[in-house]
Amino acid sequence: MKKPHFVPALTTLFLVCTLISNAESQTESAHSIVLHAARLLDIENGRILKPGEVLVQGERIAEVGSKVTHPAGAETIDLGDSTLLPGLIDAHVHLFLHPGAEDLQTVEESVPQRTILAVLAAQADLMAGFTAERDMGTEGAGSADTAVRNAIDQGLVPGPRLRISGNAIDIIGGHEDANHYNPAQHVLSNATYANNPAELVTVIREQLKEGADFIKIYETGPDTVRDGRFSAIYQYTEAELKAAVEEAARTGKQVAVHATGEPGTLYAARAGVVSIDHANQLGDETMRIMHEKLIFAVPTFTIFEYFSEHADSPEQRAHDRQMLDLHGTEFRKQFAAGVPMAVGSDVGPFPHGTQARELELMVKYGMTPLAALRADLLNGAKLLGWQGQIGELKPGYFADVIAVPGDPLQDITVLQKVSFVMKSGVVYRK
């Protein structure tokens, strides 16, 4: 007969109660921090306060202004000749990718190995000032991004707050399928197959079960440029996309699409997706619907620039450069037409932590620095479903704060030089 285990059980219960009690007492006496800098960005009103201060209590902002309350015992962090602004938002990242042959890394590297690399990628992005991100598909790693998001949320590893999509959805022979391999080898697609409305519903239910915050669907591909004209093959009909959007909406979720051109972009807009990512080409009707329904375009200029600079041949380099230039021309039309813009870089195939370049390129192709920052912070918060929580320095918002040298409204490139990072009141870089 085995001895009863009452003593170990009581000991464990006592330890758990002690930990809970300690956590509660720490919350009640939340440590106050005052951040002081030469400037502070008021993104809503489009102005710079001089000087700028933020009072942080616990994980939230308590007060913002040129001068805030300094509670007794508060820690003051003087960031000198810098500008305080909200943590940046990247609405299109791939934590499970890194520079190199994208198709080979998804075949040669195991999911555990890729998950470890994803954790490191998330840390690099956080240290670069990106305190919130939307991961647009694990590229064949299934729902491993659920584990990364949860580990970050539980404070086990550093990283941005995440919205994740699990494996993206694609058709057989689609954009992410292993189309150029020996069919006898049965190389897996980097996405999950769904070829009709019933299969879309099944896959979406499975992904939501595994922890997805939203659904990512490939709607176009491949893309070509011929005689200066851009074209893209659509993958799902409007009715198929509508079925996907309705199924996601049943549980309060949304669908985002990889869609580069017509008619796929029009089908996506009519179906009611939340964002059209890449958006190289949008027709007049598509732009009208996006403006009316507040469907965000996420241009991802940086990935196109990176590919044009790292092409395998002069011919490919010329093609990619032409693709980027056409994208810039179309972007100006879209912005002028009132298409809502959010900032997403498609980081992964290029090094994590370098994606502030995206805002520079949006300015290069026609936005003012203020408009680019509003697209990143205000629209990014809406797109990720955290409006009223992040994207501004306001009382009650999460204390996601970064500091950069100089004035980002005058020189957008200073976002590449983040010197201070705080997320939820915790300092990660100083």
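Hi everyone, let's begin with an open sheet of six strands, in the order β3-β2-β7-β19-β20-β21, with mixed pairing. Strands here are DSSP E runs of at least two residues, helices are H or I runs of at least four, and both are numbered from the N terminus; two strands pair if DSSP finds at least two bridges between them. This is a predicted model, where local features need pLDDT of at least 70, side-chain atom pairs count only at pLDDT 80 or more, and totals for chains, interfaces and linings use all residues. Residues are numbered from 1 along each chain as its sequence is written, and side-chain values use heavy atoms, leaving out hydrogens and water.

At the edges of that sheet sit β3 (47–49) and β21 (426–429), each pairing on one side only. From one strand to the next, the twist averages 30°. Inside it, β19 (residues 401–405) and β20 (residues 420–423) run antiparallel, joined by three bridges, and A403 stands opposite F420 in β20.

Now, the other sheet on my list: it is open, with three strands ordered β8-β9-β10 and parallel pairing. β8 (88–93) and β10 (161–164) each have a single partner strand, so one side of each has no neighbour in the sheet. Four bridges link β9 (residues 130–135) to β10, and D135 has I164 in β10 as its bridge partner.

Last, a pair of helices. α9 (residues 301–309) and α11 (residues 357–364) pack at about 95°, with axes 8 Å apart; axes are lines fitted to C-alpha atoms, for helices over the stretch in contact, and angles run from 0 to 180 degrees between N-to-C directions. Thanks, everyone!
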